[in-house]
Amino acid sequence: MTAPGDETHSTSLDLTEPERVDARSAAEIEEDLRSRLLRPGPTDRLWGWLGPLVVTAIAAVLRLVDLNHPTRLIFDETYYVKQAYSLLVLGYEGEWEGEGVNDRFKVGDFSDLSSDPDYVVHPQVGKWLIALGLRLFGADNGAGWRFSAAVAGAATVLVLARLTRRLTGSTLLGCAAGLLLAVDGLHFTGSRIGLLDVFLGFFVIAALAAVLIDREQTRRRLARAAAADLAERGDGRLTDPWGPRTGMRWWLVLAGVLLGLGGGVKWSAIYALAVFGILVVVWDLCARRAIGARLWFGGGVFRGGVPAFLSLVPVAALTYVAGWFSWFATPGGYLRQWAADQLAQNGTVPRSWLPNALNSLWEYHLRAWDFHNGLDSEHNYEAHPAGWILQVRPTSFYWESPVEGDCGSDRCIQAITSLGNPVVWWLGALALLVVLWMAVVRRDWRGWVALAGYAAVYLPWFAYAHRTIFTFYAIALAPYVALTLVLAIAWLGGLLPPPHGRARRPGDLPAPEPAGDDALPADAAEDPDADAADADADEAGRSDDADEVGDADEAARTRRVGWTALAVVCLLAVAAFVYFWPVWTGETISYENWRSHMWLPSWI
């Protein structure tokens with residue numbers, strides 16, 4: 001008779017699960033993990049650069065041609081161009097005194113610049129970029145005033161084309177996105193004027209491209225490290241429940257530098273820093289869960305989120321402060337001596353724990369923040385951000401009437417209206433709905449990349465709708481409108497590969513190999529129903545093959561429709577660009593011709 005204790009022992013042995021064994025090599029496991037984390041990228045490296053560079057060259061030519069027109073400072077160039085010149089001469093923004101300053105400035109008379117500091121509310125990086133053009137081509141002509149903006153606009157086209165290629169796996173889709181941005185009127189006019197927004201847009205999208213590359217690099221590192229660990233253990237479990245470390249993330253450091261430079265153009269880049277930081281952490285959480293890390297949330301926060309924060313935020317902050325280098329280097333800048341003066345007059349100063357220079361800069365920022373948040377003066381071209389994506393109220397950069405010239409009418413005019421290409425923006429508004437569905441309902445991570453752009457440079461403006469704001473601030477949004485339009489067409493047209501790898505649960509071992517014929521019971525071959533079952537299986541197989549062929553044909557037809565739709569949209573956008581060229585470049589046209597381009601009453 002068996003003792004009760006022995007019965008218990010025997011039962012526990014019977015219920016023990018067999019130990020899982022993974023006999024694959026590290027290379028095989030790494031390939032499996034990469035299939036879950038990454039889609040194969042495009043392999044056409046030569047065309048992958050030549051195509052975007054061709055589109056960029058087109059954008060550059062369009063933006064650089066006749067850049068000297070108009071020959072006078074237009075719109076807010078009266079601030080930024082003169083401030084850029086002042087930086088070259090004084091190292092800080094000085095006041096310009098007297099009447100008719102702009103008339104003298106355009107002919108090279110800069111005698112109105114005084115050494116008194118001017119109160120300005122935007123940092124210096126964007127104005128230093130404008131100053132590069134002044135140094136190269138002189139400060140007395142439009143080419144000097146606008147060259148840097150034109151280069152930044154063309155560079156943004158290149159970054160967008162390469163980013164879209166990396167996102168979609170298609171060079172052609174990347175070139176299409178770049179082309180749509182190249183012929184967009186809002187971005188085009190913003191690249192041909194000495195304003196700051198095109199610089200902001202460039203730095204933000206370049207930072208997003210760096211974040212996207214970091215995603216790929218980090219996931220490759222995760223796959224490699226996890227595969228080595230899993231191959232060594234052989235039981236399908238990671239040694240570290242948080243998952244492997246990924247090392248220094250240099251692409252995130254670059255993103256931090258770019259966002260710091262963007263903040264040095266306009267403060268609104270700080271929202272991009274927050275949005276992209278959240279994106280990085282979410283991606284890391286998902287990646288660690290996909291490789292089977294048991295404590296994937298903690299690993300995503302502490303192994304992914306904390307290093308990402310350190311790579312982004314302090315780097316961006318240091319870069320931003322460094323952008324004020326000339327303000328620190330010269331004693332005459334606005335509020336430069338504020339802290340020292342307070343100490344001399346009162347014996348104390350707020351925030352005395354800060355060095356005087358940094359304390360003065362902090363005070364400067366407090367006053368600039370009050371200005372930005374309290375700006376509520378009425379303007380003819382102010383526009384609520386809700387209307388930006390439909391280009392309801394564009395901004396007039398330049399208007400001259402009457403002008404001399406032969407325009408076939410008694411009244412000739414010149415006008416530059418910062419109006420987005422209607423094909424790009426109106427279809428882009430519809431595409432935004434598609435991409436929202438793609439990202440939220442179908443959980444396609446590529447849609448979230450485009451939406452992150454909207455969240456970074458568009459949504460924050462709704463918090464400032466009470467103040468005076470303009471549609472031309474959406475110059476930084478234009479790349480994401482083009483990206484969204486291409487993504488929507490590609491997704492609906494079947495031009496995108498699936499976003500995810502295998503559907504197997506993270507951490508699962510591969511399914512066991514099917515048993516061979518010698519493993520079948522001896523009587524299986526003699527089963528009278530076996531032949532009928534085999535015949536049914538053959539018939540089902542032929543039916544499945546036919547279904548697969550039909551699905552392949554349907555997919556091919558869908559792709560043809562998708563490519564056709566994309567080609568039509570690009571051609572329509574180019575046609576609209578040609579049509580609106582006169583009112584985007586300030587050509588001499590008749591007043592009636594100009595009115596025919598103003599499709600909506602709100603455009604006037």
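Student: How much space lies in the second largest cavity?
Tutor: The second largest cavity holds about 60 Å³. A cavity is a set of points on a 1 Å grid over the protein atoms alone where a 1.4 Å probe fits but cannot get out, and its volume is the space filled by probe spheres set on the points. The model is predicted: local features need pLDDT of at least 70, side-chain atom pairs count only at pLDDT 80 or more, and totals for chains, interfaces and linings use all residues. Residues are numbered from 1 along each chain as its sequence is written, and side-chain values use heavy atoms, with hydrogens and water left out.

Student: Which residues line the second largest cavity?
Tutor: Among them are His69, Arg192, Phe397 and Trp584; lining residues have an atom within 4 Å of a point. The lining divides into 6 nonpolar, 3 polar and 1 charged.

Student: And what is the division in the largest cavity?
Tutor: There, the lining has 4 nonpolar, 1 polar and 5 charged residues. About 70 Å³ of space lies in this cavity.

Student: Which element gives the most to that lining?
Tutor: H10 does, with 5 residues.

Student: Changing topic, is Arg288 buried or exposed?
Tutor: Arg288, found in helix H12, is buried, with a relative accessible area of 0%; buried means under 20% (1.4 Å probe, protein chains only).

Student: What does the side chain of Arg288 reach at 3.0 Å?
Tutor: The Arg288 side chain reaches the backbone oxygen of Trp242.

Conventions:
On a 1 Å grid over the protein atoms alone, a cavity is a set of points where a 1.4 Å probe fits but cannot get out, and a pocket is an open set with protein on both sides within 12 Å along at least five of seven lines; lining residues have an atom within 4 Å of a point. Helices (H or I, at least four residues) and strands (E, at least two) are DSSP runs, numbered from the N terminus. Ala, Val, Leu, Ile, Met, Phe, Trp, Tyr, Cys and Pro count as nonpolar, Asp, Glu, Lys and Arg as charged, and the others, Gly among them, as polar. Buried means under 20% relative accessible area, exposed over 50%, partly exposed in between (1.4 Å probe, protein chains only). A polar contact is a pair of N or O atoms within 3.5 Å; within protein, one must be able to donate a hydrogen and the other to accept it, and residues adjacent in sequence count only if both atoms are side-chain atoms.
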